[in-house]
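Please have the picture open as we go.

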Amino acid sequence: MEQRHLGRTGLRVSRIGLGTLTWGRDTDEHDAADQLKVFWEAGGTLVDTADVYGDGEAEYLLGRLMDGLVPRRDLVISTKAGSVPDPDRRFDCSRGHLLSALDASLARLGTDYVDVWHVHAFDPYTPLEETLQALDLAVGSGRARYAGVSNFCGWQLAKAATWQLAAQGARTRIASTQMEYSLLQRGVEREVLPAALDLGVGLLPSSPLGRGVLTGKYRHATPADSRGASEHMGPFVAPYLDDTASSIVDAVQTAADGLAATPLQVALAWVRDRPGVVAPIVGARNAQQLTAALSVEALSLPDEICRALDDVSAPVHRYPDHDWSTL
């Protein structure tokens with residue numbers, strides 16, 4: 001699998017990442033092991049998790065698999081911290097909480113460092129410089145090799161990345177940002193992606209298949225064994241089952257038919273090769289689904305197909321989201 005640099009750093013990662021959102025909850029150890037082995041054998045290196053996935057079970061499971069199935073040195077482990085199970089405060093990005101969460105993640109993963117450590121979301125109740133200091137301390141102590149953010153809007157990302165570049169002393173460059181990005185969700189193109197490109201921050205798209213909708217599985221009905229039919233994942237999928245999404249899915253299907261490919265391959269190739277994208281993070285229910293996603297490595301979309309998909313899925317950009325002189 002092709003490797004790409006993570007933003008403006010020397011770290012190289014596979015251009016498709018393996019997501020573990022459902023590990024330890026919907027994905028048991030057997031299926032997780034099969035996925036990790038398939039991913040590793042395909043040349044994949046980037047594995048993404050978080051301290052809250054499966055209430056910590058995803059990290060624990062990944063740690064067990066690294067202990068006996070795949071060598072730790074062959075993987076680039078990314079995890080996140082900052083989400084908390086508190087209805088009154090969804091995110092705690094205080095220095096104390098973040099560093100404690102990192103130590104707990106390392107214990108569950110059974111390793112003394114993570115390759116990339118992300119702040120899971122912006123915390124409006126903690127000064128940003130305090131949050132960023134936690135990243136500096138983590139990297140300075142060797143517990144994290146690189147640092148990033150997740151779910152930061154444009155001004156938040158720009159402020160964080162600029163602070164790290166401009167503040168005096170040894171500061172840790174923001175290497176990456178993880179955001180939802182697909183043909184069904186192109187909101188990052190307004191401000192987040194321009195900021196990332198300007199500041200050398202690599203984009204790691206989550207839900208690159210539109211929460212599974214871009215595979216075409218929901219075109220006519222909701223399969224009983226799909227995430228859309230599950231009690232806890234159904235509300236996550238539902239926003240992308242409207243008429244607007246349906247027209248985009250139809251266009252993806254048309255493109256796939258013309259290329260003798262699958263809708264999954266077309267949708268994933270589109271986001272993988274967008275400017276600024278380093279590696280879409282793919283979550284699969286089993287090894288068979290993951291193998292289908294990894295088959296995209298052999299596909300590059302023709303320019304005319306990309307333009308057609310761009311047009312049918314184009315987000316509305318109004319002042320001041322782009323060059324005001326054209327409005």
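Predicted model: local features only at pLDDT ≥ 70, side-chain atom pairs only at ≥ 80, totals over all residues.

In which loop does Tyr-218 lie? Tyr-218 lies in the loop between S9 and H7, where the labels follow DSSP runs numbered from the N terminus, a helix being H or I with at least four residues and a strand being E with at least two.

Residues are numbered from 1 along each chain as its sequence is written, and side-chain values use heavy atoms, with hydrogens and water left out.

Back to Tyr-218, which counts as buried because its relative accessibility is 10%; buried means under 20% relative accessible area, exposed means over 50%, and partly exposed is in between, with a 1.4 Å probe and protein chains only. Not counting residues up to four places away in sequence, Tyr-218 touches Gly-212, Val-213, Pro-223, Ser-226, Arg-227, Gly-228, Val-237 and Leu-241, a contact being heavy atoms within 4.5 Å. Tyr-218 and Val-249 are 31 residues apart in sequence, and their C-alpha atoms are 9.3 Å apart in space. The loop between strand S9 (202-206) and helix H7 (234-237) also holds Ser-207, which has a positive phi of about 45° although it is not a glycine.

Is Thr-49 buried or exposed? Thr-49 counts as buried, at 0% relative accessibility, and, leaving aside neighbours within four places in sequence, its contacts are Thr-20, Ala-58, Glu-59, Leu-62, Ser-78, Thr-79 and Lys-80. Asp-55, by contrast, counts as exposed because its relative accessibility is 76%, and Asp-55 has a positive phi of about 55° although it is not a glycine.

Let me now turn to the protein as a whole. Its secondary structure comes to 11 helices and 10 strands. The radius of gyration is 19 Å, close to the 20 Å that the globule rule gives for 327 residues, so the protein is as compact as a globular protein of that length; the radius is taken over C-alpha atoms, and the rule is 2.2 Å times the number of residues to the power 0.38. Of the 327 residues, 52% count as buried, and among contacts with a separation of 6 or more, 78% come from residues 24 or more positions apart.

What, then, lies inside? The largest nonpolar core has 86 residues, and those with the most contacts inside it are Trp-23, Leu-36, Trp-117 and Leu-157; such a core is a set of buried Ala, Val, Leu, Ile, Met, Phe, Trp, Tyr and Cys residues joined through side-chain atoms within 4.5 Å. Helix H9 (residues 263-272) gives the largest share of this core, seven residues. Apart from this core lies another, of 11 residues, among them Leu-11, Val-13, Val-76 and Ala-279.

I will finish with helix H9, where 10 of the 10 residues are buried, so H9 is largely enclosed by the rest of the structure. The buried residues of H9 pack against strand S1 (3-5), S9, helix H8 (243-259), strand S10 (281-282), helix H10 (287-294) and helix H11 (303-313).
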